[in-house]
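Colleague: I am new to this one. Can you take me through how some of its labels were reached?

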Amino acid sequence: MKHNITAVVGAQWGDEGKGKITHFLAEKADIIARYGGGNNAGHTIIAGGETFKLHHIPSGILYPEKICILGNGMVIDPEVLRDECERLKSRGISCENIRISDRAHIIMPYHRWIDSCQEKKRGDLRLGTTGRGIGPAYVDKVSREGIRVIDMLDEQILRGKIHSNFIEKEELLRESGMNEKQVFERCLGLADYFRPYVADTSLFLYNAYKDGKTIILEGAQGALLDLEFGTYPFVTSSSSISGGGSPGTGLPPYAISSVVGISKAYTTRVGTGPFPTELSDNTGEHLLKTGIEYGTTTGRARRCGWLDLVILRYAIRINGINSLAITKLDVLGGMDSLKIAHAYSHNGKEITEFPSSLQVLSDCKPVYTELDGWNENIRDCRNADELPETARAYIKTLEQLLDVPVSIISVGPDKDETIMCSKVTAAAH
Ligand code: IMP
């Protein structure tokens with residue numbers, strides 16, 4: 001049987017447009033599953049003139065017949081998820097097909113408190129987290145103190161686990177004003193809301209896989225925010241690369257048959273840490289304003305810079321990306337010339353592999369290839385042939401320098417503002 005499981009992953013520092021591309025590809029899928037992160041993600045979908053911002057819920061939710069799975073690798077803030085569901089329902093979107101993994105971990109109110117205390121304590125060395133409690137929730141998971149969705153559904157277990165966490169975190173929580181009983185009651189109140197959605201999603205996905213269903217594994221964050229391969233310590237606390245799709249859902253590693261890497265036509269980053277192609281001039285300002293580069297989750301202005309192929313080459317390798325979706329190509333319009341960093345210069349040497357040392361990365365200067373820009377508005381283009389010649393040359397240059405085909409070009413935020421260059425199929429590679 002032909003299996004069709006596609007991982008859709010961010011190839012930069014997050015915010016690449018995973019929501020739009022997943023929503024676009026989800027039309028032909030049966031199941032869309034998130035496998036990592038939590039409500040630190042902000043996936044935006046614009047369809048039919050309406051904007052939807054999703055944080056936990058997979059970007060297939062606008063199609064009533066698709067199953068949307070919150071996988072076991074996620075950390076879930078039940079209060080935020082309930083509000084997310086209610087907001088969707090109030091706009092006529094059904095949440096009936098959501099399935100929440102019984103093994104996913106819960107973000108507790110004390111995780112948010114600890115996240116903010118730790119960031120304050122770090123001072124100038126702060127990581128710039130989203131403040132959603134993601135790191136502390138994953139720390140509890142790893143230290144075996146975590147509370148899973150299944151635990152939340154059992155009053156006795158929930159009470160016991162909250163009690164042991166309050167003892168273990170006594171010092172950290174002393175000034176929080178948090179009270180064990182209140183936290184327990186709040187959590188218990190939410191348990192009933194979620195009970196109908198909870199399932200053994202790994203079993204569900206495995207059966208769907210065996211039945212030949214088309215599944216999209218929707219990554220959160222991006223390659224450079226990955227806990228293993230990102231710009232550590234300025235990373236998130238989970239595995240955002242395609243490989244995380246297996247432990248994060250329970251699907252076997254060989255089940256992932258293709259990987260679509262999403263990259264903006266330029267680079268952005270939120271939070272702190274080195275960023276070789278960052279632009280602190282009018283061009284950077286132009287990208288910020290034209291690209292409306294403000295965080296979906298936190299509203300923070302994103303740092304902007306030229307496209308960096310050292311990053312993309314690395315992302316392609318660690319994710320096994322077989323094709324790229326280039327988003328926001330329209331934002332580059334109106335500039336006389338465009339730059340793409342194809343290498344870095346470090347101590348007089350040219351390097352093409354992304355360094356593990358942040359010190360080295362901070363000292364790297366981008367080595368640019370310069371290309372002509374275009375002035376035309378490309379948002380109405382629906383076929384690669386309709387793009388101005390210079391825009392086509394921009395895409396062609398990426399394909400040549402990266403040796404990976406570009407399968408999708410996004411020329412505007414709406415789902416319809418998309419060019420399909422070649423078929424993204426699981427069987428392609
Ligand atoms: P955390 O995931 O909230 O712990 O934040 C760790 C780092 O990842 C910070 O630099 C955040 O800004 C960044 N981050 C987390 N989620 C996203 C995302 O969805 N897009 C962009 N950056 C993110």
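What follows is a short exchange about helices and their contacts.

Modeller: Keep in mind that this is a predicted model.

Colleague: Which residues in α11 and α13 meet?

Modeller: From α11 come Leu-309, Leu-312, Arg-313 and Ile-316. From α13 come Leu-398, Leu-401 and Leu-402. By class, that contact has 6 nonpolar, no polar and 1 charged residue. Arg counts as charged, while Leu and Ile count as nonpolar.

Colleague: Why is α11 called largely enclosed by the rest of the structure?

Modeller: Buried means under 20% relative accessible area. In α11, 10 of the 11 residues are buried, so the helix is largely enclosed. Among them are Val-310, Tyr-314 and Asn-319.

Colleague: What caps the N-terminal end of α11?

Modeller: Asp-308 does. One of its side-chain oxygens lies 2.9 Å from the backbone nitrogen of Val-310. The cut-off for a polar contact is 3.5 Å, so this pair falls within it. Just after α11, Gly-320 has a positive phi of about 70 degrees.

Colleague: How do α6 and α8 cross?

Modeller: Their axes come within 10 Å and cross at roughly 145 degrees. This crossing is right-handed. The contact has 7 nonpolar, 1 polar and 3 charged residues. Phe-166 in α6 and Leu-188 in α8 are among the residues that meet there.

Definitions and conventions
Residues are numbered from 1 along each chain as its sequence is written. This is a predicted model: local features need pLDDT of at least 70, side-chain atom pairs count only at pLDDT 80 or more; totals for chains, interfaces and linings use all residues. Side-chain values use heavy atoms; hydrogens and water are left out. Contact means heavy atoms within 4.5 Å. Helices (H or I, at least four residues) and strands (E, at least two) are DSSP runs, numbered from the N terminus. Buried means under 20% relative accessible area, exposed over 50%, partly exposed in between (1.4 Å probe, protein chains only). A polar contact is a pair of N or O atoms within 3.5 Å; within protein, one must be able to donate a hydrogen and the other to accept it, and residues adjacent in sequence count only if both atoms are side-chain atoms. Axes are lines fitted to C-alpha atoms, for helices over the stretch in contact, and angles run from 0 to 180 degrees between N-to-C directions. A crossing is left-handed if the near helix is turned anticlockwise from the far one by less than a right angle, and right-handed if clockwise.
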